[in-house]
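Q: I'd like a close look at one part of this model, please. Take me through it slowly, with cut-offs for the terms you use.

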Protein chains: 2
Amino acid sequence: MSHKPRRNTRQRQVILEELAKVKCHPTAADLYEIVRRRLPRVSMATVYRNLEVLSSAGKIQKLQSGGEQARFDADTDMHDHVRCVRCGRVADVEREPLVVSPPAAEDIEGFQIIGHRLEYLGVCPDCRADAPNECPPAPDPA
Amino acid sequence: MSHKPRRNTRQRQVILEELAKVKCHPTAADLYEIVRRRLPRVSMATVYRNLEVLSSAGKIQKLQSGGEQARFDADTDMHDHVRCVRCGRVADVEREPLVVSPPAAEDIEGFQIIGHRLEYLGVCPDCRADAPNECPPAPDPA
DNA sequence: CTGTCTGCAAATGGTTTGCACCATA
DNA sequence: TATGGTGCAAACCATTTGCAGACAG
């Protein structure tokens, strides 16, 4: 794929390195805090711009299945994720990704299918711990 | 689950009625425009508040699988959706929803699974039509 | 050198909220 | 009449963008 020439700036390197280092799937803001420890003068704009560049270059994955903040993953291998509906945290699902068969042409009124988005919803251990809550379908991820 | 008592206001009725009427899956703003024809003085806030109330009451579905605007569906029967990656339009998939088996406990590190979110991505007929899309070979309008 | 990238700050845009008045039950 | 609901405007907040100077190639 012919992409525009891209420069290999220090910011870009550090952002990718730090994302690769963490086991979790940080938000842009999380990553900003992390990167800031090495580059005190970076700006959020730079973090956002680079996450965008890296993700369209296929070097990282952007996970934004909910209406929530996007989260990022340096592991580009195909794998599913679970998202905590309470705190928004995202974790990997350690099994082969589910095979999702695309709907037949006649079931989608002219749409040309190019993929799908699947993500599990759950409650993470931490949230379950202090959770004085009850019924499964939590209202909102606030 | 103890829910607060809810009043049956004219705004609430109209919002639900109009949503039930349309075949598409409008955004809050779309619905605001529609509802405004019957209630010229409604506010966006009221539309948002009621869509929230109706959806937590299970009377409508809130579709916000992407990072995009939420869309709403008065059809609460289980069914999948396709979202146009160009214009954001959402349509129903006319087949039995795919059975998604939740990951086993040992594959998700303590998360308690409560559901999943699946949505197909595609290009709608309209967008495909005028689509001057490119990617590899840079098109030259000249 | 040149054109991309950065930092800063201000702008977006969808959604939410505070408040005083209104209307449903 | 008691309270949930409404309209309005301002607040929020993640993300984007305009701009001038900085720096990679």
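A: Let's start with a facing pair: A:Leu121 stands opposite B:Gly115 in S5(B). This is a predicted model, in which local features need pLDDT of at least 70, side-chain atom pairs count only at pLDDT 80 or more, and totals for chains, interfaces and linings use all residues, while side-chain values use heavy atoms, with hydrogens and water left out. Residues are numbered from 1 along each chain as its sequence is written, and chains are lettered from A and ligands numbered from 1 in the order in which they are written.

The facing pair belongs to an antiparallel pairing, in which 11 bridges join S5(A) to strand S5 of chain B, residues 112-123. Strands (E, at least two residues) and helices (H or I, at least four) are DSSP runs numbered from the N terminus, and two strands pair if DSSP finds at least two bridges between them. Elsewhere along the pairing, A:Gln112 has B:Val123 of S5(B) as its bridge partner. S5(B) also pairs within its own chain: strand S3 of chain B (residues 81-84) runs parallel to S5(B) over 3 bridges, with B:Val82 opposite B:Tyr120.

Now to the interface as a whole. Taking contact as heavy atoms within 4.5 Å, 43 residues of chain A touch 43 residues of chain B. The buried area, meaning the accessible area (1.4 Å probe) that two parts lose on being put together, summed over both, is about 3,600 Å², and carbon and sulfur atoms give 61% of it. In chain A, the residues that lose the most area to chain B are A:Phe111, A:Arg117 and A:Leu121, together 20% of what that side buries.

A:Arg117 has a charged partner too: it forms a salt bridge with B:Glu119, with the closest N and O atoms 3.0 Å apart. A salt bridge here is a side-chain nitrogen of Lys or Arg within 4 Å of a carboxyl oxygen of Asp or Glu, and the count between the two chains is 2. There are also 21 residue pairs in polar contact between the chains, both residues at pLDDT 80 or more. A polar contact is a pair of N or O atoms within 3.5 Å; within protein, one must be able to donate a hydrogen and the other to accept it, and residues adjacent in sequence count only if both atoms are side-chain atoms.

Which elements of chain A supply the side that touches chain B? Strands S3 (81-84), S4 (90-92) and S5 (112-123) and helix H4 (125-130) each supply at least two residues, and S5(A) gives the largest share, 12 residues. That side divides into 22 nonpolar residues (Ala, Val, Leu, Ile, Met, Phe, Trp, Tyr, Cys and Pro), 10 charged (Asp, Glu, Lys and Arg) and 11 polar (the others, Gly among them).

Finally, look at A:Glu119, whose side chain makes a polar contact of 2.9 Å with that of A:Arg83. A:Arg83 lies in strand S3 of chain A. At 2% relative accessibility, A:Arg83 counts as buried, the term for under 20% relative accessible area, with exposed meaning over 50% and partly exposed in between (1.4 Å probe, protein chains only).
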